[in-house]
Amino acid sequence: MGFVYALGAYLSWGLLVPVHFRLLGAFSPSYILAERILWSILFVGGLVLIWRKRVRMPFPLTRRHGLLVVSALLIGVNWLLYLRAVDQGHLLDASLGYYINPLMSVGLGAVVLGERLRPAQLVAVGIATASVCLAVAWAGDLPAVSLALALTFALYGLVRKVVGVDPMIGFLAETLVLAPAAMAFLWLTPDPIFPPDSRSLLLLALTGITTAVPLIWFAAAAERLRLATLGLMQYLAPTCLLALSVLAYGEHVEPHRLAMFVLIWLALALYAVDAFRAGRAARG
């Protein structure tokens with residue numbers, strides 16, 4: 001089930017979310033961020049009320065639950081960076097950031113959580129690492145937004161795995177932590193909190209769904225999967241984002257990124273074959 005949750009999250013982030021936010025191009029990234037925080041609270045708060053008997057409440061609270069403040073700040077920064085990249089037409093930079101992120105997740109899993117990789121998995125991670133290093137060396141620089149997106153989301157995945165709280169409750173707590181800043185921004189901005197035209201209002205309201213659902217799925221997957229597996233599956237999102245930026249929005253793919261794409265999918269195929277064999281061996 002963790003695989004299904006991860007697949008849903010990454011496909012949503014790679015296809016649905018960027019298209020949605022491109023449709024909101026008339027608004028600033030900060031305004032969209034504030035709106036998506038408040039609409040997410042309404043959406044997830046409603047789900048918690050409806051499914052309150054199915055949701056695992058985190059009581060009694062422990063010191064570990066305080067880490068949700070850290071995860072809230074990390075995901076808030078990540079959202080803002082992503083929105084700025086979409087707004088400025090830098091989907092390829094965002095894509096590169098999310099290509100780097102899984103490598104950071106694998107590294108954090110090994111260093112912080114002591115996750116061990118089998119030899120074939122080490123080779124897969126090595127190929128993926130080499131592909132990103134090749135792309136960066138070929139380009140001559142690493143865009144700051146790419147590195148920041150990768151680092152904030154890798155740390156977010158680690159914190160959510162450590163906290164181990166119910167995905168919906170954790171997401172609701174994070175958005176509640178961010179709510180005061182969102183409300184203060186909307187109070188001070190000259191833009192109306194509720195746009196007068198119904199199309200913009202509907203698109204902003206839907207940010208609650210397109211923000212909350214993939215992140216809840218991701219948190220559910222993080223509880224069930226190893227960080228190494230979760231990290232390497234994440235290559236689905238930037239691959240979809242890369243295809244979208246080229247086929248739908250006309251961005252140009254340099255040769256070094258094309259080479260990175262081919263090598264990363266080779267690494268994914270190797271990792272998947274090894275995971276399949278290990279699963280079959282465990283069952284037999």
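## The second largest cavity

Helix α3 (67-87) gives the most to the lining of the second largest cavity, with 3 residues. Both α2 (29-50) and α3 supply at least two lining residues each. Helices are DSSP runs of H or I, at least four residues long, numbered from the N terminus. A cavity is a set of points on a 1 Å grid over the protein atoms alone where a 1.4 Å probe fits but cannot get out, and lining residues have an atom within 4 Å of a point.

This is a predicted model, in which local features need pLDDT of at least 70, side-chain atom pairs count only at pLDDT 80 or more, and totals for chains, interfaces and linings use all residues. Residues are numbered from 1 along each chain as its sequence is written, and side-chain values use heavy atoms, leaving out hydrogens and water.

The second largest cavity has a volume of about 50 Å³. A volume is the space filled by probe spheres set on the points, with grid points joined across faces, edges and corners. Which residues line the second largest cavity? They are F21, L24, G25, F27, P29, I32, L83, V86 and D87. By class, this lining has 7 nonpolar, 1 polar and 1 charged residues. Here Ala, Val, Leu, Ile, Met, Phe, Trp, Tyr, Cys and Pro count as nonpolar, Asp, Glu, Lys and Arg as charged, and the others, Gly among them, as polar.

## The largest cavity

There are 2 cavities of 30 Å³ or more. The largest cavity has a volume of about 220 Å³. It is lined by 16 residues, and W13, N78, Y82, Y98 and F153 are the closest to its centre. Two or more lining residues come from each of α1 (2-22), α3, α8 (198-224) and α10 (236-247). The largest share of this lining, 4 residues, belongs to α3. The lining of the largest cavity divides into 11 nonpolar, 4 polar and 1 charged residues.

## α1 against α10

The axes of α1 and α10 lie 8 Å apart, at an angle of about 25 degrees. Axes are lines fitted to C-alpha atoms over the stretch in contact, and angles run from 0 to 180 degrees between N-to-C directions. The two helices are therefore roughly parallel (under 35 degrees; over 145 is roughly antiparallel, 65 to 115 roughly perpendicular, the rest oblique). The crossing of α1 and α10 is right-handed, meaning that the near helix is turned clockwise from the far one by less than a right angle.

On the α1 side, the contact (heavy atoms within 4.5 Å) is made by L7, Y10, L11, W13, G14, L15, P18 and V19. On the α10 side stand L236, A237, C240, L241 and L244. This contact has 12 nonpolar residues, 1 polar and no charged.

## α3 against α7

Helix α7 (residues 167-188) packs on α3 at about 70 degrees, with the axes 9 Å apart. So α3 and α7 are roughly perpendicular. From α3, the contact uses L68, V69, S71, A72, I75, G76 and W79. From α7 come G170, F171, A173, E174, T175, V177 and L178. The contact residues divide into 9 nonpolar, 4 polar and 1 charged.

## α4 against α6

Helix α4 (residues 91-111) and helix α6 (residues 144-163) cross at roughly 40 degrees, and their axes come within 7 Å. Their arrangement is therefore oblique. Their crossing is right-handed.

In α4, the residues that meet α6 are D93, A94, L96, G97, Y98, I100, N101, M104, S105 and L108. Their partners in α6 are V145, S146, L147, L149, A150, L151, F153, A154, L155 and L158. By class, this contact has 15 nonpolar, 4 polar and 1 charged residues.

How values were computed: 1 Å grid on protein atoms, 1.4 Å probe; cavity = no way out; pocket = protein on both sides within 12 Å on 5 of 7 lines; lining within 4 Å.
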